[in-house]
Amino acid sequence: MDVLLLGASGRIGRRAADELLGREHAVTGVSRSGNVDEIDDLDFVSLAGDATEADDMAKLASGHDAVVSTLGPSDDEDPAVLTEMMQAVTDGLRRASVDRLVWTGGAGGLKIGPETRLIESDEFPEEWEPIARAAIDAFEVLRDVEAIEWTYVAPAAMIEPGERTGEYRTADGELVTDEDGESYISMADFAIALADELETADATYTYLGVGH
């Protein structure tokens with residue numbers, strides 16, 4: 001596929017680029033600066049783009065088969081920019097007639113019980129709440145989008161650089177935990193989950209939890 005990768009210079013974005021290129025997809029990596037270092041592949045192109053501008057997103061998405069987003073706010077941005085990005089990206093995709101979107105979301109909205117989301121648990125760190133709520137707000141925008149086959153893929157409660165094991169588990173709308181109740185995934189294995197979902201489209205219109 002010809003894939004437009006948004007947020008390609010980030011830690012998850014870089015790993016997603018490597019995973020997609022390893023599967024012989026052509027990848028156009030988009031970042032604010034247009035510079036994605038250390039990816040030397042004939043099937044990779046790096047471009048600058050503003051994910052809050054629908055016109056920009058439409059131009060970049062044109063001619064691609066699908067879009068993968070690993071977007072997130074920078075350290076000095078209001079987390080609410082995630083909603084603005086979601087609106088601009090989905091509007092841009094519709095204008096470009098691209099109908100597949102895999103979006104990296106947040107774990108805060110995943111359920112840990114019948115009536116409880118992770119963000120509502122006593123253990124959820126207070127300092128993470130602003131970005132978690134912004135990610136949930138962005139999902140609310142996405143779930144009402146028409147004419148796009150979307151999947152909102154959320155990592156485990158803890159996602160860090162780590163080993164690429166090739167193993168992960170998924171759950172529809174639920175936080176994935178291990179037998180000890182811990183919720184973790186490496187960025188490399190999360191990139192595998194993103195690429196797998198892009199290729200199979202097994203979980204369209206789903207808030208998909210991913211973990212080890």
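Close-up A. Tyr 152 and Tyr 207 form an edge-to-face pair, 4.7 Å centre to centre with 70° between the planes. Because Tyr 152 lies in strand 8 and Tyr 207 in strand 12 (residues 206–211), the pair ties together parts that are 55 residues apart in sequence. Helices (H or I, at least four residues) and strands (E, at least two) are DSSP runs, numbered from the N terminus.

**Close-up B. The pair Phe 139 and Trp 150.** The ring centres of Phe 139 and Trp 150 are 5.8 Å apart and their planes stand at 80°, so this pair is edge-to-face. Phe 139 belongs to helix 4 (residues 129–142) and Trp 150 to strand 8 (residues 149–154), 11 residues apart. Both Phe 139 and Trp 150 are buried. Ring pairs join Phe 139, Trp 150, Tyr 152, Tyr 205 and Tyr 207 into a cluster.

**Close-up C. Packing of helix 3 against helix 4.** Helix 3 (residues 81–96) and helix 4 pack at about 25°, with their axes 8 Å apart; axes are lines fitted to C-alpha atoms, for helices over the stretch in contact, and angles run from 0 to 180 degrees between N-to-C directions. The two helices are therefore roughly parallel to each other (angles under 35 degrees; over 145 is roughly antiparallel, 65 to 115 roughly perpendicular and the rest oblique). Contact means heavy atoms within 4.5 Å; among the residues that meet are Met 86 and Thr 90 in helix 3 and Ala 138 and Val 141 in helix 4.

**Close-up D. The buried residues of helix 2.** In helix 2 (residues 54–61), Ala 54, Met 57, Ala 58, Leu 60 and Ala 61 are buried. Their cover includes strand 1 (2–6), strand 3 (44–48) and helix 3.

**Notes.** Residues are numbered from 1 along each chain as its sequence is written, and side-chain values use heavy atoms, with hydrogens and water left out. In this predicted model, local features need pLDDT of at least 70 and side-chain atom pairs count only at pLDDT 80 or more, whereas totals for chains, interfaces and linings use all residues.

Conventions: Rings of Phe, Tyr and Trp (its six-membered ring) pair if their centres lie within 6.5 Å; planes under 30 degrees apart count as stacked, over 60 as edge-to-face and the rest as tilted. Buried means under 20% relative accessible area, exposed over 50%, partly exposed in between (1.4 Å probe, protein chains only).
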